[in-house]
Amino acid sequence: MKKLRKRNIAALSAAFALCVTACPVCAGNVCAEEAESGAVTDIDVSKLPEWVPNDFLSSLEFVKEHGTTLVKDNLICIVKKRSGRLYDDYTFSTEISENYSDDIVFSEIFDFDIPQTADKSDRDAYEEYMLYLNNLGIDEYLLAEYQPDVSYEVIVFAPSCAGNLDIGLVKYYKNGEEAERKDLSFEITENGITETDLFAWLPDCRKEFNELFDEYLKCYTYENYVVFCGTPFHCAGYSWKNSQNGTSRMKCISDTRITEEDVYPLPPGSEPHEILVYAPAGEGTVEMTWGEYQKSVDDSYRQMDKGFFSIDKNGNITEILQENMIYPLYGDCNNDGKTSVADILMLQKWFLGKGKLTSPVNADYNMDGKVNIFDFTELKGLLTQR
């Protein structure tokens with residue numbers, strides 16, 4: 001996949017007005033670098049709002065304050081950190097909904113430039129130099145030994161029509177395999193622009209994390225999601241473990257790590273915050289337990305938090321007491337409170353593609369985490385013996 005090339009396309013209107021006209025919903029994606037440029041004109045960067053990053057330092061400050069995206073003044077600004085470029089470890093691509101490929105009004109990559117060392121005898125110049133390093137989070141002695149391999153890509157959209165704008169920020173290994181991906185989506189209407197993806201509320205910078213979560217190692221409900229946040233000691237080999245019980249299940253749809261945005265990688269022993277987001281996989285009640293464990297060490301598991309939740313048929317989540325939990329009756333495929341021939345028939349029809357399971361959790365008779373012919377055989381054997 002090709003890299004997104006540097007370019008400035010289209011001209012901003014003086015008022016940055018959102019021109020909303022009738023247009024079909026986005027039908028596909030194109031890479032930013034492959035989009036037709038149309039009438040290309042260089043824009044005057046000074047005409048952009050002051051909050052749009054225009055160099056490496058302002059890009060760094062943007063990400064610390066807002067994370068990856070900011071919607072303001074009828075514009076969408078995306079700032080993507082790029083690392084591993086000096087030695088061609090990775091390639092990068094930005095996928096854009098086809099209808100909006102010509103709506104990029106500014107696109108630039110700001111590389112980190114090593115500042116020229118100031119003479120300590122010139123007090124004012126040296127203080128200015130040290131202030132600049134401090135704003136970047138750089139130690140002058142470390143800078144002398146290690147050149148940071150980081151840059152920021154800034155992309156600004158001025159959507160020209162109503163619809164849905166989807167953007168994929170993708171990082172690839174040398175062999176072309178996908179290393180990281182972040183999908184963003186925005187709804188554009190006559191009333192303005194609304195971010196509609198998970199990161200519209202999910203933090204992707206330390207500031208947003210601290211504003212949303214008042215405690216670590218704790219689970220929360222947020223809209224129709226269950227969220228757990230914590231700081232596992234990955235450097236010591238620890239990982240999160242989530243176990244579930246009940247008549248429903250929750251599926252992890254996002255695992256986000258939040259670090260202090262800096263020019264240098266985290267020092268040894270430092271750990272990012274981690275946010276796990278779960279969405280309902282079915283109606284019922286579910287008990288969720290989180291803990292951390294060390295794969296190479298026996299009896300290293302430590303429980304961190306536990307929650308009990310009820311999910312209705314519309315996917316709405318309510319936190320409940322343990323006494324209100326309903327636990328599975330394995331084999332009760334139709335969820336009528338007993339195991340009978342009716343469950344065998346329902347499971348058989350499901351295998352043939354002629355019906356649905358009322359309770360997929362209960363259908364996992366041998367509790368191996370999946371429903372297959374072995375559950376059918378064992379359940380049938382049990383009922384035959386009665």
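Student: What makes Trp350, Phe351, Leu352, Ile373 and Phe374 a nonpolar patch on the surface?

Tutor: Together these five side chains have about 500 Å² of accessible area (Shrake-Rupley method, 1.4 Å probe, only the protein chains shown counting as cover). They qualify because patch residues have over 30% relative accessible area and no salt bridge, with nonpolar side chains joined within 5 Å and like charges within 9 Å. Helix H5 (341-351) and helix H7 (373-384) each give two or more residues to the nonpolar patch, and Phe374 lies in helix H7. Do keep in mind that this is a predicted model, where local features need pLDDT of at least 70, side-chain atom pairs count only at pLDDT 80 or more, and totals for chains, interfaces and linings use all residues. Residues are numbered from 1 along each chain as its sequence is written, and side-chain values use heavy atoms, without hydrogens and water.

Student: Which residues gather in the patch of negative charge?

Tutor: Asp119, Asp122, Asp124 and Glu128 do, on the surface. Asp119 sits in the loop between strand S5 (104-111) and helix H2 (123-136).

Student: Why is the contact of Lys80 with Glu153 called a salt bridge?

Tutor: Their closest N and O atoms are 3.5 Å apart, so the pair meets the limit of 4 Å between a Lys or Arg side-chain nitrogen and an Asp or Glu carboxyl oxygen. The bridge links strand S3 (residues 75-83) to strand S6 (residues 150-157), its partners being 73 residues apart. In total the structure holds 13 salt bridges.

Conventions: Lys, Arg positive; Asp, Glu negative; His and termini not counted. Charge placed at Lys NZ, Arg CZ, Asp CG, Glu CD. Helix = DSSP H or I, 4+ residues; strand = E, 2+ residues; numbered from the N terminus.
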